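Morning, everyone. One chain today, a quick tour, and then your comments. Let me put it on the screen.

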Amino acid sequence: MAERPHDPLPWRTAWIVGASTGIGAAFARRLAAAGVKVVASARSADKLADLARESARITPLVFDITDGPAVSGAVDAAERRLRTFDLVVLNAGIWQPMGASDFSAAKIRTSLEVNLIGPALVLEVLIPRLIAQGRGHLAITASVAGYRGLPRAAAYAPSKAAAIALAEVLRPDLGRHGVTVSVINPGFVDTPMTRDNAFPMPFMISAEAAAEHIDRGLRTGRFEIVFPWRMMLAMKIARLLPYRLFFLAVRRMLGRGEATR
């Protein structure tokens with residue numbers, strides 16, 4: 001793991017929702033190693049217990065982000081354990097590959113429930129508390145897949161595009177109350193979510209490298225934290241392309257995918 005920056009930590013406490021594996025778990029470890037008191041949340045009690053055994057600074061808090069009553073209780077429990085919300089990272093997410101040939105409204109519903117409605121349920125309870133304390137940093141994990149509609153992302157991309165828009169709406173509004181809002185847009189990261197993908201994943205990085213990018217970005221208070229830079233550049237260019245050129249590039253991408261099967 002790369003060395004941490006030597007500037008003082010801006011947070012004493014952190015609540016990470018979606019911390020059982022992958023980026024969330026790596027970021028929880030990184031914060032705890034730096035002395036931050038971390039509440040780590042997810043649905044998997046076993047995985048959270050394993051994570052908590054790695055550091056006395058990590059406390060597990062199990063709940064389902066799509067369960068409204070459970071979410072309200074979880075916010076209460078996190079506040080009791082942390083006292084203040086210095087940093088909250090809403091990182092829970094689901095990836096279900098889907099295109100035209102296997103289109104499923106159920107997959108879209110599930111993606112929206114986990115990637116958008118779940119964070120919204122947390123925010124409904126959390127935002128009044130952030131406003132009342134007059135400070136804090138809120139980060140929402142979206143994806144570079146939210147920039148444009150990519151192959152096999154018919155369920156995932158719309159939910160992440162909506163998550164980006166949500167963060168854009170909240171940034172200036174909560175900023176008036178002393179609360180910073182950031183959006184985290186990862187490219188391909190080596191996690192359990194991506195390991196079963198049957199298509200090329202360019203510029204992939206480790207979960208630990210992703211956690212370092214997030215750490216550095218959040219410390220600066222930037223709105224968008226996007227990585228790795230080569231994937232960022234490719235997707236930013238794709239977002240600017242006229243539709244004619246964008247669809248041409250996608251058709252070529254799909255053609256290469258068929259040729260390699």
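Start with Trp229. Trp229 counts as exposed, because its relative accessibility is 58%. Exposed means over 50% relative accessible area, buried means under 20%, and partly exposed lies in between, with a 1.4 Å probe and protein chains only. Trp229 sits in helix α7, residues 229-240. Helices here are DSSP runs of H or I, at least four residues, and strands are runs of E, at least two, numbered from the N terminus.

Ground rules. This is a predicted model: local features need pLDDT of at least 70, side-chain atom pairs count only at pLDDT 80 or more, and totals for chains, interfaces and linings use all residues. Residues are numbered from 1 along each chain as its sequence is written, and side-chain values use heavy atoms, with hydrogens and water left out.

Now confidence. pLDDT is the predictor's confidence in each residue, from 0 to 100. The chain averages 89, and 89% of its residues reach 70 or more. Residues 1-5 are below 50, with 15 contacts in the model beyond near neighbours in sequence. Contact means heavy atoms within 4.5 Å. Residues 257-261 also stay under 50, with zero contacts beyond four places in sequence. Where pLDDT is low, the predicted coordinates should not be read in detail.

The overall fold. I count eight helices and nine strands. The chain has 261 residues, and 46% of them are buried. Of the contacts with a separation of 6 or more, 66% join residues 24 or more positions apart.

Next, the inside. Is Ser111 buried or exposed? Ser111 is buried, because its relative accessible area is 0%. It belongs to helix α4, residues 105-133. Among its contacts beyond four places in sequence are Ile94, Ala155 and Tyr156.

Tyr156 brings us to the rings. Rings of Phe, Tyr and Trp (its six-membered ring) pair if their centres lie within 6.5 Å; planes under 30 degrees apart are stacked, over 60 edge-to-face, the rest tilted. The count is five aromatic pairs. Trp95 and Tyr156 are edge-to-face, at 5.2 Å centre to centre and 90 degrees between the planes. Trp95 lies in the loop between β4 (87-90) and α4, Tyr156 in helix α5, 61 residues apart. Both are buried.

Tyr243 and Phe247 are stacked, at 5.5 Å and 15 degrees. About one helical turn separates them, because they are four residues apart in helix α8. Tyr243 is exposed at 57%; Phe247 is partly exposed at 42%.

Finally, Trp15, Phe63 and Phe85 form one aromatic cluster. Comments, please.
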